Amino acid sequence: MSYTLFYSPDSANIVVRMVLEELAVPYEALEVDRTQGAQRSAAFLRFNPQGLLPVLVDPAQDEPLFETAAILLHLADSHQALQPPPAARGRLLKWLFFLSNTLHADLRALFYSPRYVAADEAIAPLRTALHRRVTEHCALLEAELVRHQSPYLLGAAPSICDVYLAACLRWAQLYPRGDALPSAQLAQWPRLLATLRALEQRPAVQKAYALEGMDGRVFTAPNYPRDAAV
Ligand SMILES: N[C@@H](CCC(=O)N[C@@H](CS)C(=O)NCC(=O)O)C(=O)O
(Lines give C-alpha, C1' and ligand atoms only; values in the text may rest on other atoms or scores of the structure.)
Protein backbone atom coordinates (compact mmCIF):
# COMPACT_ATOMS: atom_id res chain seq x y z
CA MET A 1 0.00 0.00 0.00
CA SER A 2 1.31 3.44 -0.86
CA TYR A 3 1.16 6.84 0.83
CA THR A 4 -1.74 9.25 0.39
CA LEU A 5 -0.97 12.97 0.28
CA PHE A 6 -3.75 15.51 0.73
CA TYR A 7 -2.90 18.65 -1.20
CA SER A 8 -3.91 21.99 -2.59
CA PRO A 9 -1.70 23.66 -5.25
CA ASP A 10 1.35 25.39 -3.74
CA SER A 11 0.22 24.85 -0.15
CA ALA A 12 2.68 23.35 2.34
CA ASN A 13 1.99 19.92 0.85
CA ILE A 14 4.34 20.86 -2.01
CA VAL A 15 7.27 20.34 0.37
CA VAL A 16 6.12 16.80 1.10
CA ARG A 17 5.44 16.15 -2.57
CA MET A 18 8.99 17.20 -3.49
CA VAL A 19 10.34 14.73 -0.96
CA LEU A 20 8.07 11.92 -2.22
CA GLU A 21 9.22 12.63 -5.77
CA GLU A 22 12.89 12.72 -4.69
CA LEU A 23 12.40 9.38 -2.95
CA ALA A 24 10.67 8.01 -6.07
CA VAL A 25 8.09 6.22 -3.94
CA PRO A 26 4.50 5.66 -5.11
CA TYR A 27 1.79 7.84 -3.60
CA GLU A 28 -1.73 8.93 -4.28
CA ALA A 29 -2.47 12.66 -4.24
CA LEU A 30 -5.97 13.74 -3.21
CA GLU A 31 -6.92 17.37 -3.77
CA VAL A 32 -8.57 19.35 -1.00
CA ASP A 33 -10.31 22.27 -2.69
CA ARG A 34 -9.31 25.23 -0.57
CA THR A 35 -11.17 27.62 -2.87
CA GLN A 36 -14.31 25.92 -1.48
CA GLY A 37 -12.99 25.72 2.11
CA ALA A 38 -12.80 21.92 1.88
CA GLN A 39 -9.95 21.90 4.43
CA ARG A 40 -12.61 22.73 7.04
CA SER A 41 -15.02 19.99 5.94
CA ALA A 42 -15.92 17.27 8.43
CA ALA A 43 -14.39 14.71 6.07
CA PHE A 44 -10.97 16.45 6.10
CA LEU A 45 -11.01 17.39 9.79
CA ARG A 46 -10.96 13.66 10.57
CA PHE A 47 -7.45 13.63 9.09
CA ASN A 48 -6.24 16.92 10.62
CA PRO A 49 -8.48 18.60 13.20
CA GLN A 50 -6.58 21.86 12.57
CA GLY A 51 -7.96 21.99 9.02
CA LEU A 52 -4.47 22.45 7.58
CA LEU A 53 -2.50 20.90 4.76
CA PRO A 54 -0.44 18.85 4.39
CA VAL A 55 -1.68 15.52 5.62
CA LEU A 56 0.12 12.30 4.75
CA VAL A 57 -1.43 8.92 5.35
CA ASP A 58 1.18 6.21 5.79
CA PRO A 59 -0.57 2.82 5.95
CA ALA A 60 2.20 1.62 8.26
CA GLN A 61 1.26 4.26 10.87
CA ASP A 62 -1.69 4.13 13.27
CA GLU A 63 -2.85 7.70 12.51
CA PRO A 64 -2.61 10.26 9.69
CA LEU A 65 0.41 12.56 9.92
CA PHE A 66 0.20 16.35 9.91
CA GLU A 67 2.81 19.10 10.44
CA THR A 68 5.18 19.50 7.51
CA ALA A 69 8.41 19.00 9.47
CA ALA A 70 7.11 15.86 11.19
CA ILE A 71 6.12 14.36 7.84
CA LEU A 72 9.50 15.22 6.32
CA LEU A 73 11.42 13.66 9.18
CA HIS A 74 9.21 10.57 9.10
CA LEU A 75 9.86 10.11 5.37
CA ALA A 76 13.61 10.78 5.65
CA ASP A 77 13.92 8.26 8.49
CA SER A 78 11.66 5.65 6.88
CA HIS A 79 13.63 5.71 3.65
CA GLN A 80 17.06 6.58 5.08
CA ALA A 81 17.42 9.36 2.54
CA LEU A 82 17.57 13.14 2.16
CA GLN A 83 19.38 13.53 5.43
CA PRO A 84 23.05 13.89 6.42
CA PRO A 85 25.14 11.17 8.11
CA PRO A 86 24.42 10.46 11.82
CA ALA A 87 27.15 12.84 13.03
CA ALA A 88 25.10 15.72 11.58
CA ARG A 89 21.77 14.55 13.04
CA GLY A 90 21.82 17.51 15.42
CA ARG A 91 22.24 19.92 12.54
CA LEU A 92 19.34 18.29 10.73
CA LEU A 93 17.11 18.70 13.77
CA LYS A 94 18.06 22.25 14.60
CA TRP A 95 17.55 23.56 11.07
CA LEU A 96 14.38 21.55 10.51
CA PHE A 97 12.91 22.98 13.71
CA PHE A 98 14.11 26.47 12.80
CA LEU A 99 12.43 26.22 9.40
CA SER A 100 9.22 24.90 10.92
CA ASN A 101 8.75 26.98 14.03
CA THR A 102 10.51 30.18 13.03
CA LEU A 103 10.64 30.77 9.25
CA HIS A 104 7.44 28.94 8.29
CA ALA A 105 5.63 30.21 11.40
CA ASP A 106 6.55 33.82 10.58
CA LEU A 107 5.46 33.33 6.97
CA ARG A 108 2.11 31.97 8.16
CA ALA A 109 1.59 35.10 10.25
CA LEU A 110 2.46 37.17 7.15
CA PHE A 111 0.12 35.25 4.82
CA TYR A 112 -2.74 35.02 7.29
CA SER A 113 -2.09 38.34 9.07
CA PRO A 114 -5.80 39.24 9.49
CA ARG A 115 -6.10 36.19 11.77
CA TYR A 116 -3.26 37.44 13.99
CA VAL A 117 -4.57 40.94 14.78
CA ALA A 118 -7.54 42.41 16.60
CA ALA A 119 -8.06 45.32 14.16
CA ASP A 120 -7.33 45.87 10.46
CA GLU A 121 -5.03 48.83 11.25
CA ALA A 122 -2.64 46.38 12.90
CA ILE A 123 -2.07 44.38 9.69
CA ALA A 124 0.40 46.77 8.01
CA PRO A 125 2.75 47.14 11.01
CA LEU A 126 2.63 43.40 11.63
CA ARG A 127 3.62 42.74 8.02
CA THR A 128 6.46 45.28 8.23
CA ALA A 129 7.83 43.53 11.33
CA LEU A 130 7.47 40.09 9.74
CA HIS A 131 9.19 41.17 6.52
CA ARG A 132 12.08 42.38 8.65
CA ARG A 133 12.17 39.05 10.50
CA VAL A 134 12.06 37.00 7.28
CA THR A 135 14.93 39.10 5.95
CA GLU A 136 16.92 38.36 9.13
CA HIS A 137 16.17 34.63 8.75
CA CYS A 138 17.51 34.73 5.19
CA ALA A 139 20.70 36.44 6.40
CA LEU A 140 21.11 33.72 9.04
CA LEU A 141 20.68 30.96 6.44
CA GLU A 142 23.12 32.70 4.09
CA ALA A 143 25.70 32.90 6.90
CA GLU A 144 25.27 29.17 7.58
CA LEU A 145 25.90 28.31 3.92
CA VAL A 146 29.00 30.52 3.93
CA ARG A 147 30.26 29.16 7.27
CA HIS A 148 30.15 25.57 6.04
CA GLN A 149 31.10 26.43 2.46
CA SER A 150 28.35 24.04 1.43
CA PRO A 151 25.94 24.20 -1.50
CA TYR A 152 23.12 22.91 0.70
CA LEU A 153 22.14 23.64 4.28
CA LEU A 154 23.48 20.36 5.66
CA GLY A 155 26.38 19.70 3.32
CA ALA A 156 27.14 18.58 -0.19
CA ALA A 157 23.82 16.84 -0.86
CA PRO A 158 20.27 18.16 -0.63
CA SER A 159 18.20 17.20 2.39
CA ILE A 160 14.62 17.62 3.55
CA CYS A 161 15.71 21.00 4.99
CA ASP A 162 16.63 22.39 1.58
CA VAL A 163 13.30 21.64 -0.06
CA TYR A 164 11.46 23.09 2.94
CA LEU A 165 13.63 26.22 2.84
CA ALA A 166 13.15 26.61 -0.93
CA ALA A 167 9.36 26.38 -0.73
CA CYS A 168 9.33 28.95 2.10
CA LEU A 169 11.37 31.41 0.05
CA ARG A 170 9.14 30.81 -2.97
CA TRP A 171 6.02 31.62 -0.90
CA ALA A 172 7.75 34.68 0.57
CA GLN A 173 8.04 36.08 -2.97
CA LEU A 174 4.39 35.43 -3.84
CA TYR A 175 2.29 35.89 -0.72
CA PRO A 176 0.50 37.78 0.61
CA ARG A 177 -0.50 38.89 -2.86
CA GLY A 178 0.47 42.52 -3.38
CA ASP A 179 2.64 42.60 -0.24
CA ALA A 180 5.25 39.91 -0.85
CA LEU A 181 9.03 40.11 -0.68
CA PRO A 182 10.34 41.40 -4.07
CA SER A 183 12.28 38.61 -5.85
CA ALA A 184 15.12 41.09 -6.50
CA GLN A 185 15.87 41.07 -2.77
CA LEU A 186 17.19 37.52 -3.07
CA ALA A 187 20.26 38.93 -4.83
CA GLN A 188 21.64 40.07 -1.44
CA TRP A 189 22.03 36.40 -0.44
CA PRO A 190 24.13 34.86 -3.27
CA ARG A 191 24.67 31.48 -1.58
CA LEU A 192 21.00 31.08 -0.83
CA LEU A 193 20.17 32.04 -4.39
CA ALA A 194 22.64 29.44 -5.70
CA THR A 195 20.96 26.78 -3.53
CA LEU A 196 17.55 27.74 -4.89
CA ARG A 197 18.86 27.66 -8.47
CA ALA A 198 20.33 24.19 -7.98
CA LEU A 199 17.13 22.88 -6.42
CA GLU A 200 14.77 24.24 -9.05
CA GLN A 201 16.71 22.35 -11.71
CA ARG A 202 16.17 18.98 -10.08
CA PRO A 203 13.78 16.76 -12.07
CA ALA A 204 11.93 15.61 -8.93
CA VAL A 205 11.32 19.22 -7.88
CA GLN A 206 10.12 20.20 -11.36
CA LYS A 207 7.81 17.17 -11.45
CA ALA A 208 6.32 17.95 -8.04
CA TYR A 209 5.52 21.51 -9.10
CA ALA A 210 4.22 20.44 -12.52
CA LEU A 211 1.81 18.05 -10.81
CA GLU A 212 0.36 21.06 -8.94
CA GLY A 213 0.21 23.27 -12.05
CA MET A 214 3.45 25.26 -11.80
CA ASP A 215 6.58 25.38 -13.92
CA GLY A 216 9.60 27.51 -14.82
CA ARG A 217 12.05 28.83 -12.24
CA VAL A 218 9.82 27.92 -9.33
CA PHE A 219 12.14 29.29 -6.63
CA THR A 220 14.01 32.18 -8.24
CA ALA A 221 11.27 33.61 -10.50
CA PRO A 222 8.07 32.08 -9.16
CA ASN A 223 4.60 32.45 -10.61
CA TYR A 224 1.25 31.76 -9.04
CA PRO A 225 -0.30 28.36 -9.67
CA ARG A 226 -3.48 28.30 -11.75
CA ASP A 227 -5.76 27.86 -8.74
CA ALA A 228 -3.86 29.00 -5.67
CA ALA A 229 -5.84 29.58 -2.51
CA VAL A 230 -2.89 30.40 -0.20
N1 LIG B 1 2.29 24.16 10.93
C2 LIG B 1 1.63 23.62 9.77
C3 LIG B 1 1.17 24.76 8.89
C4 LIG B 1 0.48 24.27 7.64
C5 LIG B 1 -0.24 25.39 6.92
O6 LIG B 1 -0.11 26.56 7.25
N7 LIG B 1 -1.01 25.01 5.89
C8 LIG B 1 -1.76 25.99 5.13
C9 LIG B 1 -1.41 25.92 3.66
S10 LIG B 1 0.23 26.46 3.34
C11 LIG B 1 -3.24 25.64 5.19
O12 LIG B 1 -3.60 24.50 5.14
N13 LIG B 1 -4.09 26.66 5.28
C14 LIG B 1 -5.51 26.48 5.26
C15 LIG B 1 -6.21 27.38 6.22
O16 LIG B 1 -5.53 28.06 7.01
O17 LIG B 1 -7.44 27.39 6.20
C18 LIG B 1 2.59 22.70 9.01
O19 LIG B 1 3.80 22.92 9.07
O20 LIG B 1 2.12 21.76 8.37
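The ligand is surrounded by 16 residues, and the closest are Q39, L53, E67, T68 and R108; a residue counts as near when one of its heavy atoms lies within 4 Å of the molecule. Before going further, please note that this is a predicted model, in which local features need pLDDT of at least 70, side-chain atom pairs count only at pLDDT 80 or more, and totals for chains, interfaces and linings use all residues. Residues are numbered from 1 along each chain as its sequence is written, and side-chain values use heavy atoms, with hydrogens and water left out.

| Protein atom | Ligand atom | Distance |
|---|---|---|
| Q39, polar side-chain atom | oxygen | 2.9 Å |
| L53, polar backbone atom | oxygen | 2.8 Å |
| R115, side-chain N or O atom | oxygen | 2.9 Å |

How much of the ligand does the protein bury? Taken alone, the ligand exposes 510 Å², and the protein buries 92% of that; these areas come from the Shrake-Rupley method with a 1.4 Å probe.

Now to strand β1, residues 3-7. Helices (H or I, at least four residues) and strands (E, at least two) are DSSP runs, numbered from the N terminus. Five of the five residues in β1 are buried, where buried means under 20% relative accessible area, exposed over 50%, and partly exposed in between (1.4 Å probe, protein chains only). Y3, L5 and Y7 point one way from the strand, while T4 and F6 point the other way. In a regular strand the side chains alternate between the two faces of the sheet.

Strands pair if DSSP finds at least two bridges between them. β1 runs parallel to β2 (residues 27-31), joined by five bridges, and L5 has A29 as its bridge partner there. With β3 (residues 55-57) the arrangement is antiparallel, with three bridges, and T4 stands opposite V57. Together, β1, helix α1 (residues 13-23) and β2 form a right-handed β-α-β unit: with the strands pointing away from the viewer, the path from the first strand over the helix to the second runs clockwise.

Helix α6 (residues 160-174) reaches 22 Å from its first C-alpha to its last, close to the 21 Å expected for its 15 residues, that is, 1.5 Å times one less than the number of residues. In α6, 15 of the 15 residues are buried.

Finally, H79 sits in helix α3 (residues 68-79). Is H79 buried or partly exposed? H79 is partly exposed, because its relative accessible area is 30%.

How values were computed: Polar contact = N/O pair within 3.5 Å; in protein donor to acceptor, adjacent residues only side chain to side chain.
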